[in-house]
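Here are my notes on this one, in the order I'd go through them. Have a look at the model, then read on.

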Amino acid sequence: MAQTAPPPGTPSPPSAPRPEDENPWASGGVMFAGVLLLVDGVLDAIKGIAGIASDDVYARINDYVFKFNVTAWGWIHLILGIVIAIVGWGILRGSAWARGAGVGLAALNMIANFMWLPYQPVWAVVSLAIDTFVIWALCTARKPVI
């Protein structure tokens, strides 16, 4: 049976996004975001271990509104770092759950690093930039990673 074209004026069915509609920065960025989350998670874990090991590893700059015990921050960064690294690994494996979790954890990590600014300003700003890119890349890519 031969297929015929629909009569004029009939709306065409919606089509899936075409590969040429995909932003190349975003599609390559998802894989890079997975790597960045994995690395940022390991760096957070190292930050946490340093904070747990000794309270005098990090020096506070002046007086800051958010005054927390460095050991408590160490545990926060260690746990958050381990979870972020696991999610980064999930993104690299192409897991659908990891993309949503990656956005949420990157946002949570941004808040933690903002509050960490008086202890390690350069390291915190670098983590903020990494998390910003991760959120952008995971939110703008339409197709699965793998």
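1. Burial first: 35% of the chain's 146 residues count as buried (under 20% relative accessible area with a 1.4 Å probe, protein chains only; exposed is over 50%, partly exposed in between). Bear in mind that this is a predicted model, where local features need pLDDT of at least 70, side-chain atom pairs count only at pLDDT 80 or more, and totals for chains, interfaces and linings use all residues. Numbering runs from 1 along each chain as its sequence is written, and side-chain values use heavy atoms, with hydrogens and water left out.

2. The fold reads α-α-α-α along the sequence, with 4 helices and 0 strands (DSSP runs numbered from the N terminus: H or I of at least four residues for helices, E of at least two for strands).

3. Helix α2 (residues 70-93) checks out: its 24 residues should span 34 Å at 1.5 Å a residue, and the end C-alpha atoms are 34 Å apart, so the two agree (expected span is 1.5 Å times one less than the number of residues). Just after α2, G94 has a positive phi of about 85°.

4. There are 3 aromatic pairs (Phe, Tyr or Trp six-membered ring centres within 6.5 Å; planes under 30 degrees apart are stacked, over 60 edge-to-face, the rest tilted). F32 and F133 are edge-to-face, because their planes sit at 65°, with centres 5.6 Å apart. That pair links α1 (residues 24-53) to α4 (residues 121-140), 101 residues apart.

5. F133 also pairs with W136, tilted, at 5.7 Å and 40°. F32 is partly exposed at 44%, as is W136 at 33%.
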